[in-house]
Structure formats: structure tokens, C-alpha cells
Amino acid sequence: MNIHEYQGKEILKKFGVAVPKGYVAYSPEEAKLAAEQLFAEISSPVVVVKAQIHAGGRGKAGGVKLAKSAEEAFDIAQKMLGITLVTHQTGPEGKQVHRLLVAQGMNIDKEFYVGITLDRATSRNVLMISTEGGMEIEKVAEETPEKLLKIQVDPLYGLQGFQAREAAFFLGLEGSQFNNAVKFIQALYKAYTTIDASIAEINPLVITKEGDVFALDAKINFDGNALYRHKEFIELRDESEEDPLEVEASHSNLNYVRLDGNVGCMVNGAGLAMGTMDLIQLAGGRPANFLDVGGGASPQTVEQGFKIILSDKNVKAILVNVFGGIVRCDRVAGGIIQAAKNIDLKVPVIVRLEGTNAEAAQKMLDESGLNLISANGLRDAANKVQQAISAA
Ligand code: GDP
Ligand code: MN
């Protein structure tokens with residue numbers, strides 16, 4: 001689960017990570033009040049108005065602006081709220097701005113990068129440090145890998161003092177800047193593990209002319225599988241930032257990820273779902289989604305799955321691939337038939353059922369008189385998908 005920058009900063013602050021003062025604003029009036037408040041509290045001559053969307057690259061896209069007065073913050077907010085920002089992370093459709101962060105302006109001396117995530121290759125958390133702050137870190141890793149230091153963290157010992165110092169050395173810091181950076185990195189790591197984040201990324205981390213270290217930006221992703229341990233974070237979810245079909249699927253406990261292909265698929269089990277997506281590709285189609293309906297595949301989940309797949313206008317055919325292990329194939333076929341009667345299936349549905357009572361299931365589908373095409377095995381399923389999309 002992703003959250004907004006201002007929410008991430010509020011969490012990090014509780015762990016002792018230094019963040020600039022700031023307030024969230026939903027309207028130009030609130031932005032003006034926030035700016036007035038900040039000018040009263042701090043000595044900075046500027047505040048920064050930042051679009052809050054679940055994507056980076058806002059700076060270049062016009063989503064980060066400086067204001068020298070509360071009136072100017074009002075004007076900027078008026079222009080920024082409601083616009084659709086297109087950045088290199090939003091995709092061409094962009095994201096609409098509904099909230100702003102009005103924050104204390106910083107007297108920036110240097111901009112660095114610090115990120116923590118799980119390295120799946122080593123099964124360890126990795127701390128990443130770069131002097132190239134404010135840049136796309138993927139580009140830095142690709143083009144100038146010597147400018148990105150990666151430190152693997154032992155899960156038993158956690159981030160060690162010498163590792164945090166190694167990171168601060170890499171940034172070329174000395175004196176109080178060095179000490180502040182070490183403290184910052186240790187606090188960030190503590191936050192990352194305690195809240196079960198999957199990413200904690202600060203880009204840029206800045207050193208001010210006064211020698212202070214601040215997180216100027218914050219990207220926090222939570223590990224969805226650990227969210228049950230953090231009920232306090234669930235309310236931070238902003239569904240307006242997510243794909244509407246994925247939101248709907250998550251409410252019916254379906255494991256659905258939207259893709260941009262033309263063949264929808266409904267499968268029980270994540271591994272089989274991945275294999276099915278390969279199968280679709282092999283048949284000359286492109287998967288429109290990943291959908292794991294789980295072991296049970298009840299009539300209700302099947303029906304809900306069809307509805308979500310069909311809400312995607314790119315879908316020209318659907319492949320149902322279910323292995324009847326825990327659940328019998330004839331029961332799944334019954335569920336599919338019932339669901340197909342309840343909803344208007346505008347596209348051909350190819351059904352491959354394998355396992356207990358597969359033959360009986362195939363017979364039920366063939367005799368249903370519905371737009372259901374039974375397939376016998378994977379090859380047959382691939383051929384039938386191919387026929388369906390070339391006919392569409
Ligand atoms: P992103 O582009 O979405 O990653 O948004 P950031 O929060 O990283 O901001 C982009 C850039 O705006 C930063 O790299 C800074 O150069 C600049 N910026 C952000 N906040 C401030 C600030 O308080 N003062 C100044 N001078 N620049 C800022
Ligand atoms: Mn950033």
C-alpha cells in the first residue's frame with residue numbers, strides 16, 4: 001500500500017527522522033492558512049507548495065512550487081488543485097491533484113538519495129545511498145552505478161552503526177553534517193522495519209547551508225501482507241489514487257492486478273495464474289489482468305471475477321483455468337454456469353478445468369447453451385483463445 005508524502009513524513013517524524021514542518025491542504029484557503037502558520041513559526045522566507053499524488057517526478061511536471069507569501073501560496077494552490085499531473089511515474093493518463101502539502105522552504109546546500117527496500121535476490125534489506133539526489137535513481141543505477149552504494153543488512157543484527165557511518169562517508173560528509181546524516185539513516189531504518197514498509201525512499205535528502213539534514217521528500221510503501229499488524233495505517237489508504245477495478249477487487253478479497261492486454265483470465269492459485277498469462281501470450285494474445293480467485297472458486301467469487309474482468313473494455317476473450325484439487329471441477333463448472341446466467345457475457349469464455357470430475361464438468365459446460373467454450377488441456381485452451389481473439 002502506497003501513501004502520500006505528507007503522511008509518510010508524519011510517520012517518519014515519530015521515529016526521529018528530521019522532516020521540514022508542513023501542513024496538508026485541500027483548498028486554496030487551507031493552503032493560505034498553512035502558509036501563514038508556517039511564516040509565523042519559522043524564519044524561512046519561502047514555503048513550498050507540493051502536489052500530493054502517489055507518484056514521483058512532480059518537480060519537473062510543475063507539482064512543486066515556491067511561495068514567498070501566504071497570498072502567493074493561495075494562488076499556486078488555486079492553480080494546482082484539480083489539475084492532472086503527468087510525470088514519468090504516473091503513466092500517460094496522469095494523476096489528479098486533490099491535496100497539497102504546504103511546507104517550510106529549505107536553504108538547500110546539497111541533495112542526496114537514501115532508500116531502503118527488500119533485495120529479493122539476497123532476502124535482505126538493502127540500504128541504498130547516492131550523491132545524485134533529486135534524480136531518477138533507476139537512471140543513476142544504470143548509467144553511473146559507482147555513484148550508488150548498496151549496503152546489505154543482516155536481518156539478525158539490523159543496520160549496524162558502522163554501516164550508517166559508511167553511508168555518510170560515501171556522501172562525503174564531515175563534522176556535524178556527518179553526525180546528523182548517521183542519525184538520520186539509523187532513524188529511517190528503524191522506521192522502515194517497525195512499520196513493515198517495503199520501501200522507504202528519501203529523494204532528496206538535503207543538507208542545508210546550516211548543516212542540518214532533512215527528508216525533503218518521502219516515499220513509503222507498506223508491505224500489504226503485514227498491514228494486519230498496523231491497523232492505524234489502514235485509514236491512510238487513498239483509494240482515489242488506485243485503479244478503480246483493483247479497489248473493487250480488493251473489497252471482494254480477489255487478488256487482481258490490472259494489465260493492458262486483451263485476454264482476461266481467472267485462475268485459482270497464483271502460480272497457475274502466472275502460467276496462464278504465459279499461455280495467453282503464447283496464443284498470440286496479451287493478458288488483460290492477473291486474477292487469482294483462491295482455492296475455493298465459489299460461484300460468488302467467480303461471478304465477481306467475471307464482473308471485474310468485463311469492466312475492462314479492452315477484454316476480447318476470457319480464459320478460465322482452474323485446477324480442481326480442493327474443489328471439484330463439476331462444482332466450479334456449476335458456479336461458472338450460474339455466474340454466466342446472471343451476467344451478460346459479451347465475449348467468448350474459454351474454460352479449462354482439470355482434476356476431480358473434470359469430464360463431468362466439461363459436459364456441463366458443453367450442454368449449458370451459454371457462450372462457454374470448454375477446453376481439454378492447455379494446448380487446446382491456447383488454440384481456442386487464439387481463435388477467439390482472431391475472430392474478435
Ligand atoms: P518529486 O519530484 O515528486 O520527487 O518531488 P520532490 O519532493 O523530490 O521535489 C522535487 C524538487 O523540488 C526537489 O529535488 C528540490 O530540488 C525541490 N524542492 C522541494 N522542496 C523544496 C524546498 O523546500 N526548497 C527548495 N528550494 N526546493 C525544494
Ligand atoms: Mn522526490
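Visitor: Which strands and helices each supply at least two residues of the shell around ligand 1?

Guide: Helices (H or I, at least four residues) and strands (E, at least two) are DSSP runs, numbered from the N terminus. Here strand 2 (47-52), helix 3 (58-61), strand 3 (64-67), strand 7 (108-119) and strand 10 each give at least two residues to the shell around ligand 1. This is a predicted model, in which local features need pLDDT of at least 70 and side-chain atom pairs count only at pLDDT 80 or more, while totals for chains, interfaces and linings use all residues. Residues are numbered from 1 along each chain as its sequence is written, chains are lettered from A and ligands numbered from 1 in the order in which they are written, and side-chain values use heavy atoms, with hydrogens and water left out.

Visitor: Which residues around ligand 1 come nearest?

Guide: A residue is near a molecule if one of its heavy atoms lies within 4 Å of it. Of the 17 residues around ligand 1, the nearest are Lys 50, Arg 58, Gly 59, Glu 111 and Asn 203. The shell divides into 7 nonpolar, 6 polar and 4 charged residues. In this grouping Ala, Val, Leu, Ile, Met, Phe, Trp, Tyr, Cys and Pro count as nonpolar, Asp, Glu, Lys and Arg as charged, and the others, Gly among them, as polar.

Visitor: Which atoms lie 2.6 Å apart where Arg 58 meets ligand 1?

Guide: A polar side-chain atom of Arg 58 and an oxygen atom of ligand 1 are separated by that distance. A backbone N or O atom of Gly 57 is 3.1 Å from an oxygen atom of the ligand, and a polar backbone atom of Met 106 is 3.3 Å from an oxygen atom of ligand 1. The protein covers 79% of the 570 Å² of accessible area that ligand 1 has on its own; such areas come from the Shrake-Rupley method with a 1.4 Å probe.

Visitor: Which residues coordinate the manganese ion?

Guide: Donors are N, O and S atoms within 2.8 Å of the metal (3.2 Å for Na, K and Ca); water is not among the atoms, so sites may look incomplete. The manganese ion (ligand 2) is coordinated by Asn 203 (O) and Asp 217 (OD), at 2.1 to 2.2 Å. This pair links distant parts of the chain, 14 residues apart: Asn 203 is in strand 10 (residues 197-208), and Asp 217 is in the loop between strand 11 (213-215) and strand 12 (219-222).

Visitor: Are Asn 203 and Asp 217 buried or exposed?

Guide: Buried means under 20% relative accessible area, exposed over 50%, and partly exposed in between (1.4 Å probe, protein chains only). Both Asn 203 and Asp 217 are buried.

Visitor: How many salt bridges are there?

Guide: Side chains of opposite charge can pair when their charged atoms come close. A salt bridge is a side-chain nitrogen of Lys or Arg within 4 Å of a carboxyl oxygen of Asp or Glu. By this rule there are 20 salt bridges. One network of them links Glu 5, Lys 9, Lys 50, Arg 58 and Asp 217. Arg 258 and Asp 243 also meet in a salt bridge, at 3.3 Å from N to O. Their positions are 15 residues apart, with Arg 258 in strand 13 (residues 255-258) and Asp 243 in the loop between helix 8 (231-234) and helix 9 (244-251).

Visitor: Why does Arg 258 count as partly exposed?

Guide: Arg 258 counts as partly exposed because its relative accessibility is 32%. Asp 243 is likewise partly exposed, at 22%.

Key. Polar contact = N/O pair within 3.5 Å; in protein donor to acceptor, adjacent residues only side chain to side chain.
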